[in-house]
Amino acid sequence: MLKVNFVGKAASVATIEVVIDHEAAVKAIDDATLSLGRRVRIPGFRQGKAPKAMVERYAGKPSILQEALEDLVTSSYRQAVKDNDLKPIADPEFEGLDKVDLGSGKEESFKMMIMVEPEVKLPDYKGFKMDKTIKPVTDEDVDKELDGYREQVAQYIPSNRDKVEDGDMVTIDFKGLLNEGTPEEEAFEGGTAENVDLLIGSGQFIPGFEEQLVGAAKGADVDVKVSFPENYGAEHLAGKAATFKCKVREIKDKIVPEKDDEFAKKLGFEKLDELKGALKHGMEHRNYDSAVRALGVEALNKLTDGAEVELPAAMVEDEAADMLNDLARRVEEQGLKWDEYLKSRSTTQDAMLEDMRPRAEAAVKQHLAVRELLASNNLRVTAAEVDRAIEMMAGRPGETKPADVKKLKENDRVRSSVGRLVAQDKAIRLLSGLCDADPEAGKCKQHHDHGHEEHEEHEGHVEEAKENAGDEVADKE
Amino acid sequence: MQPTAHDIIIRPIITEKSTLLSQNSKYVFEVAKSATKIDIAKAVAEAFKVTVVSVNTVSVPGKLKRMGKGQGYSQSWKKAIVTLKAGERIPIFEGA
């Protein structure tokens, strides 16, 4: 008989002892011989028709024993998972497996360590009652908002002044040259353009460029001498000096609409006060929404803090390694070598990994808490939601190529990390609804359509129900 | 020089068919073309220490083999089916 005994569980690792007595060993060897016989091709016999003894002679005793042991491991693993209702999250590890000799005729045993999904005990989050802090909207805020809006709709009218001033919009042609005046003089890619609108003082161009245009006359040719910053995006240009031959074609004044009833009328309001009222109302909604969100975030933090969970070491290590990789990638994106970065901070990869540990633990804990929270509320992250989130992160259509978006969608790592974000967002929304001590506080009393959270939430649920049919869980780890 | 048992018995034929026959105490060998049934009976009895009841032989003609534009015949050989006394066995047919 094959015995699969549950020994114990600690830190989300279940230990299983498997005892194989002689009878079980013989049966396993027999089965292995049969299944091997089905696979090997022995001359003189059709595949699978050779007698056992022939198979044994052909395949060799060791490979039969190995096959038998592998089968035993698989079946005992399955049995262990089934009997003890385990939810494994990684391949099991073995102890003493290499010492097992099925051919010994004696009782043999080995141990299996199965890492299981950690049990998460959430605190009574339904009892979290918190007040949200809604930032009041002051008249100053409204004015600022209005000013910002006026800036946005500002118009540029050709000016009758003939000298460029700070704050003007100028239309220029320019041609950038490297090594100007020397035999190696050359124009470079992206350095030449015509009819470009440039707002002086906007900082759109490289530092120093816009300033040198101030005072230039309309129609004048100006040589702008600048150096590209050291960290300039195009590597071959970074740190180089260049001369831009510019021609100022047009100088335009910036006309910001006045704050008056007329401005309000253009936007469909009777009076300026009405416009201000509408703005204020919109801002109140925004502040309300962000207060609700902040409450959800706070509740999630509290939930994570209060959650009891034995963190599986492997998960924490993976997380820390991920964080380190992330950091390494960011460092290299900035043009530094990872090794040099480590050296400059006089640290090593291992030390960094150790430093990451507390943060990794926190992240894993939150992730587990979120998962448990969603599971206990029958919410899940669907593949379609992950797709949508990836699309959103990829930006507007055209910003990232559709093929690249598709690649992102098919990348398991991307999927799982985005899935986590989506899950986190869901948890925050759920908690912000559950833990609000006074849901009515600060809510807009007027009946109108502002695209409220509740609406979205509701639609979300309907969609979810549809998607759940036959949809895989995006967050599988 | 008198041929020995090993000159007469060239190899055992181990195939599905011969394994099936061995259950009826019939064992199949490739034998020297010149060997007679009596030679074979003696050789098998001597080599495997068994009692031979009867011997049937077949001359297996060579097959036509082509190699590019040339063609020729593979070696023809003699097959012997040796029936032993019921219950007697030859171990090499059982994978041992």
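Q: How many residues lie between E4(B) and E5(B) in their hairpin, and which residue in the turn has a positive phi?
A: The hairpin has two residues between E4(B) and E5(B), and Gly68(B) in the turn has a positive phi of about 65 degrees. This is a predicted model, in which local features need pLDDT of at least 70, side-chain atom pairs count only at pLDDT 80 or more, and totals for chains, interfaces and linings use all residues. Residues are numbered from 1 along each chain as its sequence is written, chains are lettered from A and ligands numbered from 1 in the order in which they are written, and side-chain values use heavy atoms, with hydrogens and water left out.

Q: Why do strand E4 and strand E5 of chain B count as a pair?
A: Pairing requires that DSSP finds at least two bridges between the strands. Strand E4 (residues 64-67) and strand E5 (residues 70-73) of chain B have four bridges, in the antiparallel sense, so they pass that test. One of the bridges sets Met67(B) against Gly70(B) in E5(B).

Q: What are the elements of chain B, and in which order do they run?
A: Chain B has three helices and six strands; both are DSSP runs numbered from the N terminus (helices: H or I, at least four residues; strands: E, at least two). From the N terminus on, the order is α-β-α-β-α-β-β-β-β.

Q: Why is Thr83(B) called buried?
A: Thr83(B) sits in strand E6 (residues 77-84) of chain B. Its relative accessible area is 13%. Buried means under 20%, exposed means over 50%, and partly exposed lies in between (1.4 Å probe, protein chains only), so Thr83(B) is buried.

Q: Which residues is Thr83(B) in contact with, leaving aside its neighbours within four places in sequence?
A: Contact means heavy atoms within 4.5 Å. On that test Thr83(B) touches Ser25(B), Lys26(B), Thr51(B), Val52(B), Val53(B) and Ser54(B).

Q: Is Ser25(B) buried or exposed?
A: Ser25(B) has 9% relative accessibility and therefore counts as buried. Ser25(B) is in the loop between helix H2 (16-22) and strand E2 (26-31) of chain B, and its phi is near 60 degrees, a positive value in a residue other than glycine.

Q: Is Lys49(B) buried or exposed?
A: With a relative accessible area of 68%, Lys49(B) is exposed. Lys49(B) belongs to the loop between helix H3 (37-48) and strand E3 (52-60) of chain B. Its phi is also positive, near 55 degrees, in a residue other than glycine.

Q: What share of chain B counts as buried?
A: Of the 96 residues of chain B, 32% are buried. Among contacts in chain B between residues at least 6 apart in sequence, 59% join residues at least 24 apart.

Q: What are the corresponding values for chain A?
A: Chain A has 14 helices and eleven strands. Buried residues are 36% of its 477 residues. Of the contacts in chain A with a separation of 6 or more, 71% involve residues 24 or more positions apart.

Q: Why is H10(A) called oblique to H13(A)?
A: Helix H10 (residues 349-376) and helix H13 (residues 412-434) of chain A pack at an angle of about 60 degrees, with their axes 9 Å apart. That angle makes H10(A) oblique to H13(A), because angles under 35 degrees count as roughly parallel, over 145 as roughly antiparallel, 65 to 115 as roughly perpendicular and the rest as oblique. The axes are lines fitted to C-alpha atoms, for helices over the stretch in contact, and angles run from 0 to 180 degrees between N-to-C directions.

Q: Which strands pair with E10(A), and over how many bridges?
A: Strand E6 (residues 155-158) of chain A pairs with E10(A) in the antiparallel sense over four bridges, with Gln155(A) bridged to Ile255(A). Strand E7 (residues 169-178) of chain A is antiparallel to E10(A) over ten bridges, and Leu177(A) stands opposite Thr243(A). Strand E9 (residues 221-227) of chain A is joined to E10(A) by seven bridges, again antiparallel; Val226(A) has Ala242(A) as its partner.

Q: Where is Asp253(A), and how far is Asp253(A) from Ile157(A)?
A: Asp253(A) is in strand E10 (residues 241-255) of chain A. Asp253(A) and Ile157(A) are 96 residues apart in sequence and 5.3 Å apart in space, C-alpha to C-alpha. Beyond its neighbours within four places in sequence, the contacts of Asp253(A) include Gln155(A), Ile157(A) and Asp168(A).
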